[in-house]
Structure formats: C-alpha cells, structure tokens
Amino acid sequence: MNPNINELCKDPLFQLNLAIWLAQPQPPSEFYVYPLFYESQLNIYSIGPLLTLPPDIRLAVTEKIDFQDTVRPDLILATAEKKKFCILECKSSSFGPKSSKNAKQAKTLLLIAGPVISEVLGIGKIGENEGILCYFIGPNGAELMEETLKTLEKEIKDKTSLESGTYGCFEIKPSQTSIILEYPERVKIFLNLTKNSPVEVIKFEEDTDPHPLYFIPYDPNIDQTKEEKELSKRILFERILEYMICKIGGAYIPSSITFTTEELLNYATFGLYEIWEENETKRHVRRLVKDFLNQIRSVISIPLRESITYEPQRGWIFNLKDRETREEILKQLQRFKPETLDLSKNIEPTLFDNMED
Amino acid sequence: MDMEGGMSDIDISKEIKSITSREKMIRYLDGYSAERMEELDERKIKRPLVKSYMLEHIGDTGRQRKVTDILAEFGIESQKIDENLYRILDKKIDEGYMGFLEVLTPRYFVFYTLHPSDKADRWIKNLVLNSPELDHVWLSGLTFNVLWQIIAQISKPHRYVSILFVHESIYQIDSEIYGDENEEDKEISLSLDEEDVIEVVERRASKFKLVDKISVVQEKLSKLQELYSPLYAISQLRFPSPVGRGGHDFYDNGKVTNRSGNFRDHRSHILYVQKIYDELMKRTEEKAWYSMFKETVTIPGQFQKLIGAPVIIKFGEPLSKETFDYWIKSTFGRINNRFRLWGNPIILGPKKVHVYGVDKHLWKPIFIELTDKHLIAIIPKGTCGNTIHRLICNIQRYIDPSAKAYIGDVEYKSMVEQSSKGVKYEPEY
C-alpha cells in the first residue's frame, strides 16, 4: 500500500500533522517522525489561532494594500523563551502575488510576523519579539513561493513603509528513502534549527504508507485528493465511534447518554471544530456526522434501536436502562466498521440543517 | 505444599466479621501471619496465606467516586471500621465477608484477605473486569527491574530473593493455525467471563523462578538478561522481609502474598511500592497526556496549545510477519482479547496499522500505531496512566520481553528510577 507520495506531501492536513509531529518529544535514536522542531526547542504555541492586525496598522494599510481583517494560520511555533515565533501555514502548492485570497492572507501574515507580533499575540511590547512566516509546501513549490513572498514583502514596504517579518518555505518532498524537509539557511538561522537542510523526517518502509498517526484528522476547509479525503473521513468516524464507545462503556447504569454533533466533532478534532469558521463547510461536516450516526443507528438491532433516539434540540440520546442494554449496544457498536461505509459519498444539505443540537 | 485441616470459607468470613477495629485487624493478621510462617517452615500449611491486592481508581479526578459507592453497585457492602478501613461483605452472591479494604488515597486502595488464592483472585478479577472505574496496579517488568535494584540496596547480600520470569510468545504461531477462521469466530462469540479460558497455542514460553542469594543475583542477572531476553520479563518479585525469614511476593497485577511472619511489615512494603507507583503515575500522566490547552489572550479570542508526549515502545527485534499479523488479528479481530483493546485497524502496509481505539479496561481512548518494530500510543488527557503501564506489562509478557519504552524522549525505566528516589522506605520495624 503506497499512496502517491507527491500528492501526500502536498496534502495540507498531512502537512499540519507532520508539523505537530516534528514538535513532539521522541527518543533521540528511536524517532518516529524526526523531531526537528522539538530538538530545536520549538514548541507548539497555538493551533489555528485567530489573529488580527492592531487598529493603527489597519489604518496605515487600508486602501494601500489588500489585507484580511482576521487570519487563522495553521500553527504557531515558539522558541523556549518565547522570544521568536514561527507562523506556519500549510499549502499544497505555491501561488502567485496576484492570487487574490492567498496573497491577501500572506500579506496580512507577513505584517503580523513583523514587529507587531508582540502586540498581536498579546505577549509584550513592539519589538520585544521576532516573527517569521513559514509555508509548508509540496514538492517543487518552494522556489515560486519564495518569489511570491519576496514580491509581497516589497509591495508592503513600497506602499505602506511598514516592516514585515522575515519569511521562508519548508518544502516537503520524497527522496528515494524518505520524506524530506528542505528549507533555506535563513530559516535555519532564524529558528536555530539543529540540522542542516535537507532533513529526513519520515523513513519509508517497503510497500507501506508513510502517514503518521493523525492528531487532527479532518479539516473541511482544505482541498484534498479523493484518497486523502476518504482517509480523513475514516479517521474522523473512527474517532467519533471510539468516543461513543468510551462514554457508553464508562456510563453509570441506569442513565442516558446524550451526544451532540458539536461534542463529537470537538472530541474527534482535539477541539479544533469549535474554532472553525461557521460556514458551509462547517455545516457540511455536521451533516456528515449526523449521517454517520444515522448509519450507526440503522445497524443496531431493532429492539435495541428503541433505546437510541434523536431529538433536534438535544442530540442523540442513548437510554441505558440496564447492564444488558449497555452490553448489547456496546457489542454492536464495536462491530460497526466505518471502512464499510461509502466514504466518497457527498451529503446534501437538508431543510433542517439549521436545527442544530 | 498441601493444606491440612484447612478452615472453610464460612469460618474465614466469621473471623473477618469479628474484627471491629484497625488495631484488632493488625494484631489478628500479624498473629495469623506468624502462624502461617511456622507452618511454612514445617511445610504443612493449614490455612491460606494473607494476600493483598493493590487496586487503583481511574485517574479522572473530575468523576472519581468513593470506592465504597462503586462496590455497592455490585452488591458489596463496605462496613466502616475507621475513616479509611472497611470490612468487605459480598452480599450479592452470598460470598460472605471477603476481607478488608484500606483506602490509602482517593486513588489507591488495598484489599487484604485470608481467603484462598483461587477464590480471592477470582473475586478481585471479576470486580475489576466489571467495573470501568477500577483496575489493578500494574507493575511492568521494567518497573520490577528497578524495584529489584532497590531490594539489592536495602537487603543484606546473604538474603534470598525470588524472581519469577514469565514470557509467552502467544502470537508466534504456525501459518496453519493462523488460517483457522472458524476458531477465530468461535472466540469472538465468547462472553467476557470466558475471556480467561481462551487458549492460544503457544510457540515459545518462558516461565521460571530464580531463587538465590541477593549478592549472586546482583552479579549475574543483568548479564543473563543481555543473553536471554525473557529474563527482562519479571512478573513476580520478592522483597525479603527485614524482620525475619521469608518476604513479600509482588505480582505484576498488584497482588502481594505475605510469605513472612509479619503483617505490619507486609503492609509497609505495599505502602512503599504504592508510593513509587503513584509517583510514576503522576510523572507518566503529566508528560504523556495529550490535551488541547486553551489560553485566553487579551486580543483576540483563545489560543489552543497541544501538550503531551507520545508513548513509544520499541521492540528489541522486529516481529515476524506471521507474529505481527496474528497479534493484530487476535487483538482487533476479537471483542474479547488479551490486551482488552478495541479498534478497527487502518491497514497502512504489510506491517503497519493505525488504530483510533479504546482501552476497554477503563473505557478510555487510545490512538496506536503498531508496526513490526514499535508501538506508538497517543493517550488523550483523562485516559488513566495505568493504561500505559498495563500496555508495557502485556508487551513484555506476550510480545517482546526486551522491549524498551519511552514517554516522549524520556526512557520509562529512568522515569521509574526517578519515581523511586525520594520515596522513603519505611518498614514499621
């Protein structure tokens, strides 16, 4: 089982999980994903934070350059003493300076990575901290991306006289034996990375898919290949199912357990669901979960099915009236296989989408 | 050794019932232990030895209930002797008085009993099996190796130590047996109570006891372990009693048999090991628990930090394809399996699977990558740290006795060593 490694390296969800793994403590000689960030004393400062430019900066740039009122980079890394910050954005491929949405986001992030970073993060006075904007990018994307960032930096300087943060790209690509990370010397120096580029981060095993365990299994706001999307969906469903089994297995008897879509999604995404913007994609993922729960309910044997009800304002309610009911529900849930579902299926909106639990 | 003229369960129950204070319990069990020691010397045991079972409440402090309330759910009455000591009466199946429960901390307690091993073992096992809030205290081979070093330090070199090594490569099988789907189906339909009777054909098993002078074992054991890896899989270890002959046999599932003539010393050793275990548990959970930590900043909104560390168990030698396949199949293909894990394996290669699963001992989540070379686990916050210790115990016992474990970049063994430092050894004599 060997996925298209080039496509995998481009996948923003893979990139985000890879970045998280790079920051995980692991045994020095027995690493799983080479802990480049951890070794370089870079810690995860925040996942998906909502950032805005301070009012004076917004005033200074309005009508001079395009920018976003709010941005949500994928990850922020910080050095141990929290003096330097790396704003990390995952992108499948590079984009040009005229790409409206991406360029707007990049300009905003470049400004945030500048001297205002202390204020934006609320950690100190202007100039006390330094920032860098880094992109995780798929194979052969770094060169063009660096060019774009250079152009955007110049545009900011020329039109606003404001100082941007420095920038750079981590290009993720396969070698013969592993997935490697390539980065320019200035990124290495700024972040005080312990290794020279390129670094082997995941070693290949024969006929084996190099995916690491996913911390964040799903993000409805990104473009993925069909295969990656199906895997993400499968992991999301496995985690939802696992959560339900845990909660029912550990419940007091008799009791009734209620699952809301939000609770299930928050659990399954390590809390990221609640920071996703409320838009069509977020509604889509809720529909996905509702459909998944309906599928679960449909495979529960008929007499037991009466113990599971759905109330639009509350969610799914499992009525565990006695131990036998609990044991039987658990047994049937444990036999449920999300892999047998049609993971490529699109869930269409319904009239009742707004009746959230 | 045979038991001669033994007493009935009813007699034992009556004696337990008659004890009304802590002092009486200590005196009674002390005298009882001394009598058994004499009988052991004469090799004529008349009554069962005193046994203790170290138990643990799940680590989730938010929902911790009193142990007496948990027992009540199973028809077990806890009759208060003092603030932390109870007489235990099993009313549900008319077992009578089973023993005494001492609550050491809200998280840890110990059950003392005079009932024979088969009865007491079964009773405790069923209790743990049926309660998602209770578990044994799990002492892995790696923990025992550190405890053994402590024994070597605190005991006189001429004293005898007894060490039991158990390793069963139950997943090392013939391909012929592996192909037997019907057998697998049969096992899937077994109920929880039948879990123990599942027979898996063993291909390699090492179980033997080493009894020798501490000085001799100290000189030889580490060399022998390098030569023969099952010797890392210590599953029982005796702390020699400092007050006389015999000692206290600690098992990997927290059972402790008093083979000394002194109950107070027996209890002291339990308290000592429990303190080390508690410290180890705190360190493990502090480091390994994954959670999204929310930090509010002035402008704007919340910052989400991910904190935690993966648990990595590295095998000494890669597993064969057959062993790997059988391990995965027998663990995740059966609702009831030795590791008590549930999950649907996501197959990523001939020797790599991911499982976003459940530790069914306590019904808590665990995400695992299994390959022929390692097991990596992500333990979300709230999953009890003893999931990790049990996992290490089971890996050493059934997969690879020489496996090394890490919590993040810290070797588990050094974490046990650190946990034992600063815990005072306080025998009551």
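1. Basis. This is a predicted model, in which local features need pLDDT of at least 70 and side-chain atom pairs count only at pLDDT 80 or more, while totals for chains, interfaces and linings use all residues. Residues are numbered from 1 along each chain as its sequence is written, chains are lettered from A and ligands numbered from 1 in the order in which they are written, and side-chain values use heavy atoms, with hydrogens and water left out.

2. The interface. The size of an interface is often given as the accessible area lost when the parts come together. Between chain A and chain B the buried area is about 5000 Å² (the accessible area, with a 1.4 Å probe, that two parts lose on being put together, summed over both). Carbon and sulfur atoms give 61% of that area. Chain A brings 63 residues to the contact and chain B brings 56 residues, where contact means heavy atoms within 4.5 Å.

3. Polar links across the interface. There are 16 residue pairs in polar contact between chain A and chain B, both residues being at pLDDT 80 or more. A polar contact is a pair of N or O atoms within 3.5 Å; within protein, one must be able to donate a hydrogen and the other to accept it, and residues adjacent in sequence count only if both atoms are side-chain atoms. On the side of chain A that touches chain B, at least two residues each come from α2 (12-22), β1 (42-47), β2 (51-52), α6 (117-121), α9 (226-249) and α13 (323-334) of chain A. The largest share, ten residues, is supplied by α9(A). Helices (H or I, at least four residues) and strands (E, at least two) are DSSP runs, numbered from the N terminus.

4. Salt bridges between the chains. Side chains of opposite charge can pair when their charged atoms come close. The rule used here asks for a side-chain nitrogen of Lys or Arg within 4 Å of a carboxyl oxygen of Asp or Glu. It finds two salt bridges across the interface of chain A and chain B. One salt bridge joins Arg323(A) to Glu73(B), at 3.2 Å from N to O.

5. Salt bridges within chain B. Over all chains the count comes to 45 salt bridges. One of them pairs Arg47(B) with Glu15(B) at 3.1 Å, N to O. Arg47(B) lies in the loop between α2 (22-42) and β1 (51-57) of chain B and Glu15(B) in helix α1 (residues 9-17), so this pair ties together parts that are 32 residues apart in sequence. Arg47(B) counts as buried because its relative accessibility is 15%, whereas Glu15(B), at 22%, is partly exposed. Buried means under 20% relative accessible area, exposed over 50%, and partly exposed in between (1.4 Å probe, protein chains only).

6. A salt bridge inside one helix. In the pair Lys321(B) and Asp325(B), the closest N and O atoms are 2.7 Å apart. Both residues lie in helix α10 (residues 321-332) of chain B, four residues apart, which is about one turn of the helix. Lys321(B) is partly exposed at 32% relative accessibility, while Asp325(B) is buried at 18%.

7. An enclosed helix. How many residues of helix α10 (residues 261-268) of chain A are buried? Six of the eight are, so the helix is largely enclosed by the rest of the structure. Among them are Leu264(A), Leu265(A) and Tyr267(A). The buried residues of α10(A) pack against α9, β10 (255-259), α11 (280-299) and β12 (315-320) of chain A, together with β18 (364-371) and β19 (374-380) of chain B. Just after α10(A), Phe270(A) has a positive phi of about 55 degrees.

8. Asp135(B) is placed in strand β6 (residues 134-136) of chain B. Its relative accessibility is 1%, so Asp135(B) counts as buried. The side chain of Asp135(B) makes polar contacts with the side chains of Trp138(B), at 3.2 Å, and Arg390(B), at 2.8 Å. Leaving aside neighbours within four places in sequence, the residues in contact with Asp135(B) include Leu55(B), Val128(B) and His361(B).

9. A surface patch. Phe208(B), Leu224(B), Leu227(B) and Tyr228(B) make a nonpolar surface patch of about 390 Å². Patches are made of residues with over 30% relative accessible area and no salt bridge, with like charges joined within 9 Å and nonpolar side chains (Val, Leu, Ile, Met, Phe, Trp, Tyr) within 5 Å. Phe208(B) lies in strand β8 (residues 205-213) of chain B, and its relative accessibility of 32% makes Phe208(B) partly exposed.

Notes:
Areas by Shrake-Rupley, 256 points an atom, 1.4 Å probe, with all protein chains shown as cover.
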